[in-house]
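Let's go through this one by asking what backs up each label. Have a look first, then we'll talk.

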Amino acid sequence: MLKTHGYATHDAASSLEPFTFERRDLRPNDVQIEILFCGVCHSDIHQVRNEWGNARYPMVPGHEIIGKVTALGGAVGDFTVGETVGVGCLVDSCRTCPDCQDNLEQFCNTPTFTYNSEDKITGGNTYGGYSTQIVVDRHFVLHISDRLDPAAAAPLLCAGITTYSPLMHWKIKKGDKVGIVGLGGLGHMGVKFARALGAHVVLFTTSPSKVEDAKRLGAHEVVVSKNRDNMAKHTLSFDFILDTVSAAHDLDAYSCLLKRDGTLCLVGVPDHPHPSPDVGRFIFKRRQLAGSLIGGLKETQEMLDFCAEHNIVSDIELIPMQYINEAYERMLRSDVKYRFVIDLASLKS
Ligand code: NAP
Ligand code: ZN
Ligand code: ZN
């Protein structure tokens with residue numbers, strides 16, 4: 001067993017604090033990883049605070065993991081010790097159901113998430129990347145190109161794939177008009193990907209202070225969503241809108257901006273439901289309301305390779321582990337540009 005240092009919370013009302021635990025011994029298909037960096041996703045806050053009602057404590061969050069391979073199980077042939085690798089939101093799935101067979105492990109009915117899941121191997125909880133090391137089955141470990149800055153690549157493992165996957169599924173292409181709602185961790189990756197795919201990108205934000213940044217990140221236009229006149233100018237014009245907002249809000253403000261047959265895809269997972277949308281807006285223009293969940297392992301590797309090719313990483317603020325509780329408060333105030341990433345060296349010194 002490998003002694004591991006991390007940060008955990010023990011109930012919904014407490015702060016994260018130092019926590020020591022053990023990782024399992026290496027099995028034949030396992031990769032042992034020294035964690036270098038871990039991104040801070042808004043899902044970490046939702047789960048630490050039990051906003052989705054399924055918290056398992058103690059909880060060590062973190063599913064945007066970049067590290068170096070330190071040891072390999074005997075059956076692992078396609079990784080090398082010292083290689084930079086990534087781990088995202090999943091560490092296991094059944095491998096046999098139709099979703100797993102289709103490389104869509106995120107939709108498996110018995111997935112094992114990187115943290116806040118039952119660990120089907122040890123029987124305890126899975127513990128995530130706010131820690132010094134992790135042991136993961138090789139199927140759930142990603143190759144990371146040397147061309148990507150490792151700290152700035154960490155958020156690709158969740159924010160990256162969660163925005164890339166729906167843009168791929170809905171076949172966004174050159175000339176499509178794409179809206180991204182919310183300029184946070186997911187939103188700023190959505191802007192970068194939509195731009196790289198050749199779309200005309202419009203960013204919707206509640207924060208006037210983010211307008212210039214949004215343009216720098218790749219948006220052709222920025223709309224401060226509280227201004228109804230600015231919103232109305234875009235009525236019936238979008239092919240696709242990706243909504244990354246972490247809190248409940250009015251979806252009708254966006255559905256009416258879609259063209260006939262356009263899609264409003266939700267990836268934000270608020271703690272309270274959105275107000276029920278106006279059904280007529282979907283019926284009369286055959287618009288679609290959809291959702292999307294991270295991405296499968298094959299597509300995650302494709303996304304990472306796309307990022308290496310197009311020089312895409314996250315805009316990050318690197319923090320020591322000890323800053324995590326303050327970082328959460330800042331994220332809740334939309335005060336992050338645009339992803340906090342924990343430098344795990346801060347736990348090792
Ligand atoms: P984040 O960095 O905190 O960004 C969320 C953004 O939403 C904020 O920056 C803000 O953007 C906007 N926002 C926040 N509160 C708002 C409000 N009350 N009304 C309108 N806009 C508001 O969060 P994130 O890490 O990107 O995650 C976003 C959501 O996606 C979370 O709910 C998270 O759990 C979920 N998520 C889902 C998946 C999936 O697979 N579907 C994967 C990862 C995360 P502006 O300042 O620009 O308005
Ligand atoms: Zn996430
Ligand atoms: Zn399955």
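Q: Which residues have the most contacts inside the largest nonpolar core?
A: Tyr130, Phe193 and Ile324, in a core of 93 residues. Bear in mind that this is a predicted model. Helix H10 (residues 297-310) gives the most to this core, with six residues.

Q: What does isoleucine 324 touch?
A: Leaving out residues up to four places away in sequence, Ile324 touches Tyr7, Leu16, Val40, Tyr130 and Ile342. Contact here takes heavy atoms within 4.5 Å.

Q: Which domains does the 93-residue core draw on?
A: Domain 1 (2-158 + 314-347) and domain 2 (160-291), with at least three residues from each.

Q: What makes E11 and E12 count as paired strands?
A: Pairing needs at least two bridges, and strand E11 (residues 200-205) and strand E12 (residues 221-224) have four, in the parallel sense. The chain gets from E11 to E12 through helix H6 (residues 211-217), in a right-handed β-α-β crossover.

Q: Why are E12 and E15 at the edges of the sheet?
A: The open sheet has six strands, ordered E12-E11-E10-E13-E14-E15, with parallel pairing. E12 and strand E15 (288-291) each have a single partner strand, so one side of each is left without a neighbour in the sheet.

Q: How do you know that E14 and E15 pair?
A: Two bridges would be enough, and strand E14 (residues 258-266) is joined to E15 by four, running parallel. Leucine 266 has glycine 291 of E15 as its bridge partner.

Technical notes. Residues numbered from 1 in each chain as written. Chains lettered and ligands numbered in written order. Predicted model: local features only at pLDDT ≥ 70, side-chain atom pairs only at ≥ 80, totals over all residues. Heavy atoms only, no water. Helix = DSSP H or I, 4+ residues; strand = E, 2+ residues; numbered from the N terminus. Right-handed = clockwise from strand over helix to strand, strands pointing away. Core = buried A, V, L, I, M, F, W, Y, C linked by side-chain atoms within 4.5 Å. Buried < 20%, exposed > 50% of the residue type's maximum accessible area, 1.4 Å probe, protein only. Domains from an automatic or database assignment.
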